[in-house]
Amino acid sequence: MKIVVADDLPASAVDLLRAPDAWTVETFAGRPRSELLTALADTDALLVRSATKVDRELLEAAPTLRIVARAGTGVDNVDLEVASTRGIMVTNAPGANSVSVAEHAFALMLALARRVPIADGSMKQQRWEKNRLLGAELRGKTLGVVGLGRIGQEVAHRARVFGMRVVAYDPFIPPHVAADMGIDLLALDDLCAQADFITLHVPVTDETRRLFSRDQLARCKVGACLINTARGELVDEAALLDLLEAGHLGGAGLDVFEKEPPTEWTLVSHPRVVATPHIAASTSEAQELVGLDVAAGVRDYLLHGVVRNAVNFPSVPAEEFAKLQPWMYLAERLGVCAAQLAHGPIQTVGIRYYGQLAEGPRELVTGSVLVGVFRHVLSAGTVTLVNARALAAERGVEVVETRSTRPRNFTSLVSVKVHTSTAEQWLEGTIFEPGSPRITLVNGVEVEAPIEGTLIVIENQDRPGVIGEVGTRLGRHGINIATFALGRTSAGAVGVVKVDEQTGAEVTDAVLTEIRAISAVRRATVVRL
Ligand code: NAD
């Protein structure tokens with residue numbers, strides 16, 4: 001496994017990736033991009049901060065890349081569309097810097113309330129202006145948190161310890177969740193009318209861009225202070241300056257700006273503005289945590305396929321993933337099997353979950369079936385969980401997922417049907433015990449067979465002697481039978497022969513032709529898993 005670390009990452013993160021045996025980690029921080037592009041030719045994982053642009057050129061230089069991890073929250077430097085179509089997982093580290101940002105919001109709030117920068121500036125000019133620098137306590141003041149996500153909640157928690165009343169605006173948080181945190185959810189106008197400090201913690205979206213427009217700023221309580229550690233685009237900066245100058249707003253604490261660095265410095269220079277250069281998350285603790293977080297995510301993905309903090313694929317909590325993993329394994333194999341039995345362009349893939357497996361999100365299992373189906377027809381490594389659905393759509397394959405919580409024969413069951421223009425192949429499978437995935441049905445006939453190695457699937461008329469004839473013909477070619485599973489209905493029988501691979505004998509076309517020549521055999525197909 002080869003991992004490339006393109007930007008500066010803490011040594012602890014790099015060490016974590018070096019830990020598994022036979023993993024090579026190459027670091028490129030500060031080296032020319034051309035060297036990075038060359039190194040990517042045989043790389044499995046790429047870790048970046050914000051300096052490296054993970055664009056089309058870079059992704060095309062990395063044919064074996066499976067995961068790009070961004071040490072930070074925003075993924076603006078990664079071309080998500082190209083990564084997704086190439087089946088590359090993109091992950092980030094949201095939350096690892098939440099406490100740092102929340103503490104910085106407080107640094108700005110306290111700096112404004114106690115006029116720390118002005119006091120410090122005058123001290124440095126050897127002036128003792130004790131009487132001029134009257135401050136205000138945070139205690140008893142109302143804090144309006146706009147966006148009650150990871151950072152907003154950290155801020156709210158700290159504000160309560162300061163003795164502040166906390167109100168919040170977040171239309172996506174149910175009121176009872178906020179109430180459990182002792183926070184009143186308000187409409188934005190009410191929050192603005194009541195809050196002494198307003199702190200922004202929302203992402204930039206179509207709804208939030210310039211959420212603090214001139215009108216909204218004018219609705220703020222006279223003397224209120226605005227703190228922005230989220231994104232500059234949330235605030236109309238010209239209006240903010242006007243309202244500060246007019247004395248309507250008491251102050252602003254800004255870490256982020258519409259343009260970074262600003263080209264117009266009047267707002268930053270205002271005496272009631274405390275400004276910092278987008279450093280809210282820049283603490284050694286946050287950098288360490290972010291680095292470790294993405295490195296652990298990459299390690300777990302490469303070692304166990306665990307998807308965490310993916311921005312182009314649904315993430316699944318580790319314990320849920322552990323439960324799903326055997327089903328993903330089974331599902332991929334059912335997909336491979338169905339595609340090999342189908343012989344021809346597949347038009348529809350139907351996946352039905354029964355019993356307990358029908359409960360909860362199943363994107364990973366459905367994705368695994370599709371990976372199996374396409375793995376059979378596409379070049380190695382081109383289909384992954386990230387792009388399997390998109391590939392299906394691109395190739396005109398309809399994917400139909402259905403569920404029934406009613407158990408059928410087993411507590412949980414996956415049923416896969418693939419349709420070509422001429423026929424349908426129908427397979428079902430379950431997990432008998434940990435590590436024992438089994439086929440339980442082939443084309444309507446119940447049969448219990450392993451789903452590994454090389455299998456010969458034989459559909460035949462149910463009459464005496466067929467097993468013997470199959471065994472004799474395989475024996476003639478030096479092929480030993482490891483297991484022979486049989487199932488029958490009134491319409492016919494199905495045999496699944498698992499070939500003993502120890503002997504090294506191959507199931508060639510000639511072998512299949514001989515089996516097909518047995519008069520009772522309707523179809524014989526080799527499936528390689
Ligand atoms: P988060 O996704 O955990 O929380 C965002 C919250 O905003 C959610 O609760 C969501 O429901 C809410 N929200 C979304 N749209 C909204 C709307 N229209 N009105 C009100 N609420 C809305 O995000 P987070 O990790 O807490 O980050 C918040 C912001 O902080 C982001 O903009 C992020 O870019 C920024 N940030 C800045 C720095 C920095 O260095 N200054 C570092 C990290 C994050």
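What follows is a short chat about a sheet, its helices and the nonpolar cores.

Me: What kind of model is this, and what are the cut-offs?
Reply: It is a predicted model: local features need pLDDT of at least 70, side-chain atom pairs count only at pLDDT 80 or more, and totals for chains, interfaces and linings use all residues. Numbering starts from 1 along each chain as its sequence is written, and side-chain values use heavy atoms, without hydrogens and water.

Me: What is the strand order in the open sheet?
Reply: β14-β13-β15-β16-β17-β18, with mixed pairing. Strands are DSSP runs (E, at least two residues; helices are H or I, at least four), numbered from the N terminus. Two strands pair if DSSP finds at least two bridges between them.

Me: Which strands are at the edges?
Reply: β14 (398-404) and β18 (445-450), each pairing on one side only.

Me: How many bridges join β13 to β14?
Reply: Seven, and the two strands run parallel. G350 sits opposite V400 in β14.

Me: Which strands does α15 touch?
Reply: Helix α15 (residues 363-375) packs on the sheet against β13, β14 and β15. Contact means heavy atoms within 4.5 Å. Its direction makes about 140° with that of β13. Axes are lines fitted to C-alpha atoms, for helices over the stretch in contact, and angles run from 0 to 180 degrees between N-to-C directions.

Me: New topic. Which residues have the most contacts inside the largest nonpolar core?
Reply: L47, V349, L364 and V414, in a core of 77 residues. The largest share, twelve residues, comes from α14.

Note on methods. A nonpolar core is a set of buried Ala, Val, Leu, Ile, Met, Phe, Trp, Tyr and Cys residues joined through side-chain atoms within 4.5 Å. Buried means under 20% relative accessible area, exposed over 50%, partly exposed in between (1.4 Å probe, protein chains only).
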